[in-house]
Every structure is written in structure tokens, then in C-alpha cells.
Amino acid sequence: MSERQRSRRQPALRMFAREYYEANLVEQGSGEYDPSFVITKLGARVNRMCVAGLLERMERRETESGTMYHGSLRDPTGLHMFSVGSFQPELHADMEELLSRHEENEPLLLLAVGKANAQMTDDGGVFTRIRLEEFNIIDGEAYANWLVDAADATLRRIDTFQRSRDLQQDADAYRTADIPSDLADSLLLAGAHYGETDPDVYMMGVLRALDSAEGNISAFPDDAADDSSGLPDEFTVDADSGEASGGKSEEDISKIIEEHTLSIDSGDGVAYDDLIGHCATHNISRGEAEPVLDRLVDDARLYEHTFGRFKHIEAK
Amino acid sequence: MDELVEKVLEHAPDADAEEVKKEFERYRDEFLIPPKDAMRSVLRKFEVAEEDVETAARSALSSGARAGRKVDRFEELDAKDMNVTIEVSVVTYTPRVQMVRGEERQIAFGWIEDNPWGDSADRIRWDFKDWGNHAENLAPGSVVRLEGTSVNEWQGKRSLNINQSSRVVVLREGGPSVSIATSDPISISDAGSKEGFVTIVGRVISRRDEVISKKDGSGDLPVVKGRLADETGSLGFICWSEFEHEPGTLLRIEGASVRRFRDNPELNISDRTKIEVFHDNNFASAEQLATTSMLSIGDLLDGARDVSLIAQLNSWSSREFTNADGEQRTVWGGDLLDPSGRCRVSAWCELPIDAANLPMFVRLDGVRVRSWQGTPDITVDEPEQVIQLKEAPWETIDAEQHWVEYTLHDLTSSGSKRGIETSGTIVAVRGDCGIIQRCPECRRVLRDGACAEHGDMPGERDLRLRFVLDDGISCASLLLNRESSEALLGKSMDEVVEVFDRDGAETFVNQMREQWFGRSVVMRGRAIVDEQGAMLMADQLELDNTPVEKRSEKVREQWGVVA
């Protein structure tokens, strides 16, 4: 099997819920294997993220393709929505356990790492959530540590954002002003896409988080940063299945990709573009097809025969 | 001949047919050059662009030329192939200003290798010439798809022409792109971060004559090696032609090329480089530069030569071995420390070091840097390169406690290092933590009892832990070998085997995840950084026990957020 060429692993950004759910700019990778990103108003370029909070909602849903789980974590700024797909069976037992403990009203603090996942809503909006990769139930001290880390990361972004606003809006000016390279490009895109951004709302979240971490829960009035107004409801979005694929589940998509790979492979695999193009004829966007393709490769259903060409494991 | 005239007219539509024919006849009659052989000259005469001459001539002269070929390997190519598409990795890229028919043209040549995604041992290297100023897309280290290139054969040796009309698609980014020659001097530290032609002003710190044996056995080549410095740093040089300047001389060197030997930049001076003695009374003296050109262990890069440094030697021992020629040889080795880090030193000659006097301080001059197990180490070839210091440059460092702190982001964006400490959060616990079986031949991990290289093998048990460490800006694999894992788990490998056999691998991994996932940790050990990313080999791993109030205070202080 040929060496797999993948992008380097993306770092897990520490981010409060509000910054993430207010983001609606999606950057699809330009290269064949580039990961896609959600760009926030503060210019964070999110592929993987590390979040934490109190498990506030937890739900199992039976779909045509199998069981899925949805949940949300509350941090000082709002709710982080996460999901576990039917194609992640290794997490299902854990989800069942969370579900039953949650149903018994046991307060659970979670720290989770997952991939940014953006979906179009019916009215053309963008809805951001997290596809869970790994998580842990944590104690208050670990949560306090996460609050400090997320505050630190957010303050760094606010600081960079403010410095960047006084500059000429181009890459050269950013470079001269030492705007960090992980933020420079995405800050330019964010500026062009979001227009005016007031970083103060994110500063509120930071202050609340630091106060909480220091044990000063009451120091900051609870209504100072109204959190979840305007937040699209994850549960209705999904119930409507208002996705570009017309509600195709990951399993449907897997099936389409697998069948296509098996049927047209004439010996040297099937090109990535061909696969994505085929999915498009089934109304499956690249954003939807790609994670499923990744998944199939991870699960060793498909493998990269040569660069950019995939073979099915059962192909002759 | 008329056919050839027509071909020329295809590429030079403004030319007059009679004129072209006359030119061919002139070559034939005056110089006894047959029309076919005169084709290139005639094309040039009628001002066909240089990059098209070769293609035009080839297509005119050979009916057998195939067009539009996509190949995986060089060996599939024919000497007449044109419009070739192939994926290659770029090894070197050397720009050069060449006079082409009285005009200065920026061209470049270098090496490319096929099979860029495959085993590096299974690659074929070819020369290429870039006629189309593709410097930005042909950075050394990158993997590119070349489209519309043509094969060139010259005295039986084949190479690839990348033409102006060729397309270069970058599939994987390489290092810095090669800079175009300029006559404005830049600082030596800037020159060291570039690739390609530069002009510098620097003082000769050291020089010595050496002889290089040519690889093809065709003889020896005298060269001069040494080091140049300015206030910003120092750079090794290698001169392939005469170099009569003594240490201390200030030189202006124009049009020398910076190339990397392993990770280390080196200034290549050829007979095309312009060297002149430079006068500047304000330029740092040789004595001043002698101290600034000293390197610290933390700065060492694989492949560096003529390195000077001061270090603390903490251990010294020798080892006998039999080399490939059956000779008995001895190699000496020890551990070096300085405030910036630690490394190993090995010596191919006996040094007057009495192990009873350790630790001692030494000054090393003109030594080499080689990578061993991924991190740069020092090699001493001559006894004169080592001087024992009478005065201690710093208070003796305790080797057991000496770890140099880096942020994870700084570690992942610099060279490999030993003796480092860094911190971050564990954001993944790999499913293959715990007991594994290794191939007794090559130490690869067996999958289903088989080695990728050696097939079915009786495995040898080993214990290791694999995590991903992440600080929110960068991430790196974090590995613990058997010894470090045993220390972390507080169990011997045999005890872990028992747990494994009793509860199964999954239970073990779940327990590891419960215990370590999402935790802030501090690791100490070494960092190996290459184009695949960074790998941290932990000697020690522990929870970061900084109280949360302290962490919060630090964050408020750094960003000016008052409580």
C-alpha cells in the first residue's frame, strides 16, 4: 500500500461557544486533501477544536442509517452543539452511558475534542457544530483549567484582531506588523466577510470565564452576556433534515461512495474528483462527502492506491 | 528541406520562406551542416523563443515523438517525449542568469526525483532545466505535478525541460522558495534562511584546504571550506575555485548560492561568484566575531560544519567495533550541555580527557554536526578541535535537572532537539497504546502477526504509549517508550501484560483515556521535527500541577485584563 499523503494534523483550537456559533464563514480546502475550516469573526480558522462545558442536552435519534447522538455543552458564553454519527460506532456505548446518566439528572462536565462541521440551514444560514472525536468526563478543576486556556486563546485572538484593524488590509501589511501566521489569512477573509465586528462581546465571555475559573461565579452578572439568543435550534434543524443532500445519512453517502468505487474501478483506483463529482450527482456536497470518504479510509473500507486515487478493499 | 522550411515557418510566421531556405543552404554549403542538424540554429536565427526551440526542433525532426504523456516514473519516458505530465519531488533549484542570444535570461536547473509518494529508496533522480521562471512553485522539498514538460537527451543523459508553457502544480509545499539573484548585500543571518543566490559582506573566520573525491571515481577536487561572519551570525562556506583570503579578511561576495546540506545552509562559491576585498572600518573585528559566531547547542542543525561552541562535558567513554572493512576501530563519546540544551558528542580520535575530572568545560572548534536518532549531535575528527577550558563559563549544570523550556509552537517550527521541556493538553489517546508486538528484524510493529517488510514473524513484546499533545496553535505526536511508559504507569511491562491479558486492549486504552485525555501535562525529552510534523519522545511525562489561580493570573497579566 502506498504511503498515505495527508495534511498534517490540525491543532485543536480552544474556543468558547459564542465565537463558534456566531461564525458562518466556511473555507473549503483548495487542494484535494486540504481540510475545510470555519472562520470566526475574530479570525480563528477552526478545523479541530477543544471545548468543555456542562452537558445540557443529550439525545439519541434513530435515523434510516442508524443511531445518531446529539448533545450540547454549556460554557460561560452559550452552547456548543455536538454530534456523534452512525458511522462512529466506537463512541456509541459511551453515548448511551452519557444519555442514561444525563436522564438521571446527573450533572456532567465534559471536555471534548472534535471537528468543526458547518451545515446550511433551510433559510440559507450556516449552522456550526462539532463532530465528536474523543471526550472525557472531567472534574471542576479540569474545567477551570480549560476555561483559562480558552480565555487565553480568545484574548490572543482579540488582541490580534484589534491590532489588525488599524492596518492596511493585505497580507504584506500583516506580515510587517507580525500578525501571527495562524491568524493572518483568516483575519483578512473574516474582515471581508463579516464587516464590522465588535470584539467586546467576546471579551465579556473571557471575563466571565476567568471569574468562574477563579471561583468567582457571582462576580459577573449572569445577564451581561446574553448567550443563546438567535441560536438556531440544532434539534429542529436536524428534524427537518434541511441539508443539501436532501437528508442523506452518512451511511447512504458511504454506500454511494463504496458502490461507485467498486463499479468503475478499472484497476488503478478511482480519482478523488470523480468520487466527489459522483456524489454531487446525488446532491451530496463535497463538504458532506469528504468526511465520509475520510471515514471510509480510516475504517480501511477504501485505501489510497496512488496519490488521489482510491480503491475499495474488496476490489480485485 | 522544404519540409523543414515549413516547420520553421510554423514557429516563426513572420519569416520569409526564401530567407529560411537560404539559411539552411548557407549552413549546408558553407559549414557542411545538414539541414536537420541546422534546425535549431535556424529556428534561433528567425527568433523563435528559446524555450520553444527544443520542442519545435524535436517535433520537426521526429515523426515518432509522442505527445501528451502522463507517466509515473522517469523510466517510462522516451528520449523524444514531449508534453509529459509527471509528479516529482524537487531536490534542488538553482537559478542562474544566462546569456541567451545576447539577452540576459533568468533560467534555473536542479534535480528532481520521481515516485515522490513512494519509498525514498526507490526514486530516480534526473536533472531539469526551468525555462519558465517557475521558482515560486519549485521550492526544494516540495512535491509538484509537472505538466507539458519535454525530455531532453544530451550525450546519452536524459533530463527534463520545464518550459515557459509548462504548468507546475504544487501538491505538497516544500521549504522556502529560491530567491532570485540580486547584487544588494543582505545580512548573513538572512542569507542563512534563504535558498538560492545571495550577495553578502562578511569576515572570514576560518578557512582550510580540503580535497573531495569525486563520486564517480574520476579524481579529486581541491576545495576550500570555512566560515564567514557578520554581526548577525555566521555561515559555513565551500569554495569550488581559488580562495586566497586569510582569516580576518573582510569580503564582499556577490552571486554565491545558498544550498542546504541536510538541514544546514551553506554558501557555495563557484567561479561565477564575484569576490572582492571590502573596506569598512566599522565592521566588527575578527575578535568580536569570534564570540558572536559561537553557536549554542540549541541552534545546532544537522549537516552544519566548522561549528565552534563552548560546552560542558558530562560523560566520556569509548566503544570498540569492527567496521565494514573488518578493521577494529574505537569511537569515543559523551554528553554535552550548555544553557540552551544538550547533545551527544562522538570523537574518531583519542582526546586527552580524564573521566575522573568530569564534568569539565571544553571549547570545540571546526566540528561537524550529524543527526543521530533524529537529533543533531557533534562529531570531532581531530584532537586539535577540542580545548579544555580552565575557567568555567557558567556554574556547573546538573544534567539530571537540565531541561530547556520551549513552547510547543516554537518546538514544532524549529529543528530537532534533545533535553527539552514543553507543555500542552493531551487531545488524543491513540488506540494502539499498550502492549504491541514488534518485528525482531526491523522493530516495526506487527499487524496481525505480520511485518510490512518481513512478513509473518514471531513478535517481540514491547510496551509503548501514544498521545497527541496540543497547545491550541500547534500539535505533535507524543510517544513514550517502554521505560517511560513503565514509569508513567507505575507498572512493569510484565504487569501491564497481565492487565492486557485479563481485561483486553480496549479496556486498557479506555482507562488511559479516562486518566489522560484533556489533561494539561509537562513532557521532558527530545523533539524530532521533519516534514511529516513533530514527534516528541518523552523521557518524563507528568500532570501540569500549576494551580488554576496561578494560570489565570498569568493570563490576566499577559493580556492586561484586570480582575
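Residues are termed buried at under 20% relative accessible area, exposed at over 50% and partly exposed in between (1.4 Å probe, protein chains only). Helices (H or I, at least four residues) and strands (E, at least two) are DSSP runs, numbered from the N terminus. The structure is a predicted model, in which local features need pLDDT of at least 70 and side-chain atom pairs count only at pLDDT 80 or more, while totals for chains, interfaces and linings use all residues. Residues are numbered from 1 along each chain as its sequence is written, chains are lettered from A and ligands numbered from 1 in the order in which they are written, and side-chain values use heavy atoms, with hydrogens and water left out.

Strand E2 of chain B, residues 84–90, is mostly covered, with seven of its seven residues buried. The cover extends to both faces: Val84(B), Ile86(B), Val88(B) and Val90(B) are buried on one side, and Thr85(B), Glu87(B) and Ser89(B) on the other. Pairing of two strands requires that DSSP finds at least two bridges between them. E2(B) pairs with strand E1 of chain B (residues 69–70) in the parallel sense, over two bridges, and Val84(B) in E2(B) has Arg69(B) opposite. With strand E6 of chain B (residues 143–154), E2(B) runs antiparallel and is joined by five bridges; here Arg145(B) in E6(B) is opposite Glu87(B).

Within strand E2 of chain B lies Thr85(B), which counts as buried because its relative accessibility is 16%. Contact denotes heavy atoms within 4.5 Å. Neighbours within four places in sequence aside, Thr85(B) contacts Arg69(B), Lys70(B), Val71(B), Arg145(B), Leu146(B), Glu147(B) and Gly148(B).

Asp365(B) belongs to strand E18 of chain B, residues 360–372. This residue is classed as partly exposed because its relative accessibility is 23%. With neighbours within four places in sequence again set aside, the contacts of Asp365(B) are Val307(B), Ser308(B), Gln385(B) and Ile387(B). Of these, Val307(B) is 58 residues away from Asp365(B) in sequence and 6.1 Å away in space, C-alpha to C-alpha. A polar contact is a pair of N or O atoms within 3.5 Å; within protein, one must be able to donate a hydrogen and the other to accept it, and residues adjacent in sequence count only if both atoms are side-chain atoms. The side chain of Asp365(B) makes such a contact of 2.8 Å with that of Ser308(B), and one of 2.8 Å with that of Arg363(B).

The contact between the chains involves 30 residues from chain A and 35 residues from chain B. Buried area (the accessible area, 1.4 Å probe, that two parts lose on being put together, summed over both) is about 3100 Å² between chain B and chain A, and carbon and sulfur atoms give 55% of this area. On the chain B side, the most area is lost to chain A by Trp117(B), Phe517(B) and Trp559(B), together 22% of what that side buries.

Five salt bridges are found across the interface of chain B and chain A, a salt bridge being a side-chain nitrogen of Lys or Arg within 4 Å of a carboxyl oxygen of Asp or Glu. One salt bridge links the side chains of Arg513(B) and Glu134(A) at 2.7 Å, N to O. Residue pairs in polar contact between chain B and chain A, both at pLDDT 80 or more, number 14. Elements of chain B that each supply at least two residues of the side touching chain A include helix H10 (505–516), strand E28 (520–530) and helix H11 (548–559). H11(B) gives the largest share of that side, seven residues.
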